[in-house]
Amino acid sequence: MCTSETREIERKYAVPDDAPVPSTASVDGVGHVVVRDTVVLDARYFDTPDLALLQHKITLRKRLGGSDEGWHLKLPGDGFRREIQHRITASDVVPPELMVHLHAVLRGRDVNPVVQLTTSRTIHELRAADAALLAELCDDAVTSTPSIADVPQASWREWEVELHDGSPELLDDVEAILVRAGASTDVGPSKLARALGPALPSSAPAPTWPGSPRIGDVARRYLVRESARLMDHDSGVRLHTDDAIHQMRVAARRLRSVLSSYRSLFAGQDGQELRIELKALADSLGEARDSEVMLARLHALLDEQPEDLVRGPVRERITEALTERYHQAHAQALVFMSSPRYYTLLDRLDGLRTVEFTDAAEVGAADGLAAVFDRDWKRVRRAARIAESTSGAAHEEALHDVRKAAKRLRYGLDSVSDVLGKPARRAAKAASAVTEILGDHNDSVITSEAIASLALEAHARGEDTFTYGRMQGIESSRASLSRDDYATALHTLNGLRLEGWSRL
């Protein structure tokens, strides 16, 4: 394999130039310490001119020398960093296996070297009695040579402790020894950040959450959170990671829905234009996601059939047809996700952190939020009444409108549960019940149609279609909407109106 991935748990320390490396042999669990020969590491760090990667706490380097020579991509994690390594290449073009993780940040821009670090490193290996590597203490003398104007060359010394098979408590024990020897924990996030000094970009501010939040505070916090969630799944979609397409599509729908609920906060067409672009993204992911769902659903349905009633290569045909459909749809989704239109959408989502809202955003959240979602609740009721008066294909379309309206209400209430508390959470749960009932009904209708299409193809090939007919009969019976369940869910939602909601 060209790439490998590890979780990096480490701590860094600033050290005086003349401080000797203290012995760590007394640390609990350490049997002995092995000091390796000093090696020289030359690393070039790559980024955009405005240091977009570093702003997102991502580092990308190409390093010569040492046992892990090659490309290194470090991504932020929860309490650790993911490090993805790739073999050394002659070219400075970032390997595709690494670039796939960077599209949501780079957005079509190139990266170039921004600084070179030359490190003289001596590794002290902390090993257990059985020789297992617990941790490494690296004594580094570093010289930086930036490629950015007005950033001077610099030199410093630091210690770095990276955990391997040791327990997290070992880091605390080692840190106590290093601090007594003159080390300081005030070293900064990385060698790269220290090398760049005054050119280091500041991180985007997190949305504030005052003691008495306004409607704008609630909306901004939720929109920023869901925007980050959407971007987090970018690489997963490209890599076919399980459930990534679904999660990215849900984030796009949540954003679009909540932007609609909070539309009075946006001046002009800003909110509407952003909703249009989010819909385009969700639509681009739709067919690939539907293929995933359909394949899993059909396999589950086939698993329920007695073995002697599965006639012909049914499973193979289902897998072949839907896998091909998935890959075609996935390729089309990546066309969209590699376009200037998509990258502009991500820029606009970033802009939600600082977008100027209208005066409607200044209303106190506790006083004004119920009225915001009164509109969405009424939309559910109107759609339900239309569905009650229709039949046939018009009825199915009307039920789809009920589902969309209930989803909007649910997502909106999710965004305010911290402020409106239990009543909002109960109403969101009730709206979710409506969407799940209608979603199951819709999935069964679509699955039944897909089975019929597969059966026709099998018949054209001269294959036995008995099993397809059996599966379609089962799925068609499931497609019958449980009117009692649906009516109960609507009644429950109606009875959980927030204070300030009015009947139609």
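Modeller: What follows is a set of questions and answers, starting with the whole chain and moving on to single places in it. This is a predicted model, in which local features need pLDDT of at least 70 and side-chain atom pairs count only at pLDDT 80 or more, while totals for chains, interfaces and linings use all residues. Residues are numbered from 1 along each chain as its sequence is written, and side-chain values use heavy atoms, with hydrogens and water left out.

Biologist: How many helices and strands are there in the chain?

Modeller: Helices (H or I, at least four residues) and strands (E, at least two) are DSSP runs, numbered from the N terminus. Counted in this way, the chain has 16 helices and 10 strands.

Biologist: What share of the residues in the chain is buried?

Modeller: A residue is buried under 20% relative accessible area, exposed over 50% and partly exposed in between, using a 1.4 Å probe and protein chains only. Of the 504 residues in the chain, the buried ones make up 47%.

Biologist: How are helix 6 and helix 13 oriented to each other?

Modeller: Axes are lines fitted to C-alpha atoms, for helices over the stretch in contact, and angles run from 0 to 180 degrees between N-to-C directions. Helix 6 (residues 215-232) and helix 13 (residues 392-420) pack at an angle of about 120°, with their axes 10 Å apart. Angles under 35 degrees count as roughly parallel, over 145 as roughly antiparallel, 65 to 115 as roughly perpendicular and the rest as oblique. Helix 6 and helix 13 are therefore oblique.

Biologist: Is Ser-339 buried or exposed?

Modeller: Ser-339 is found in the loop between helix 10 (314-337) and helix 11 (340-350). Because its relative accessibility is 15%, Ser-339 counts as buried.

Biologist: Which residue has the backbone oxygen that the side chain of Ser-339 reaches?

Modeller: The side chain of Ser-339 comes to 2.6 Å from a backbone oxygen. That oxygen belongs to Phe-336.

Biologist: What is the relative accessible area of Ala-131?

Modeller: Ala-131 sits in the loop between strand 8 (112-127) and strand 9 (133-146), and has a positive phi of about 80° although it is not a glycine. Ala-131 counts as partly exposed because its relative accessible area is 39%.

Biologist: Where does Asp-243 lie?

Modeller: Asp-243, a residue other than glycine, has a positive phi near 75°, and counts as partly exposed at 28% relative accessibility. Its place is in the loop between helix 7 (234-238) and helix 8 (244-261).

Methods:
Polar contact = N/O pair within 3.5 Å; in protein donor to acceptor, adjacent residues only side chain to side chain.
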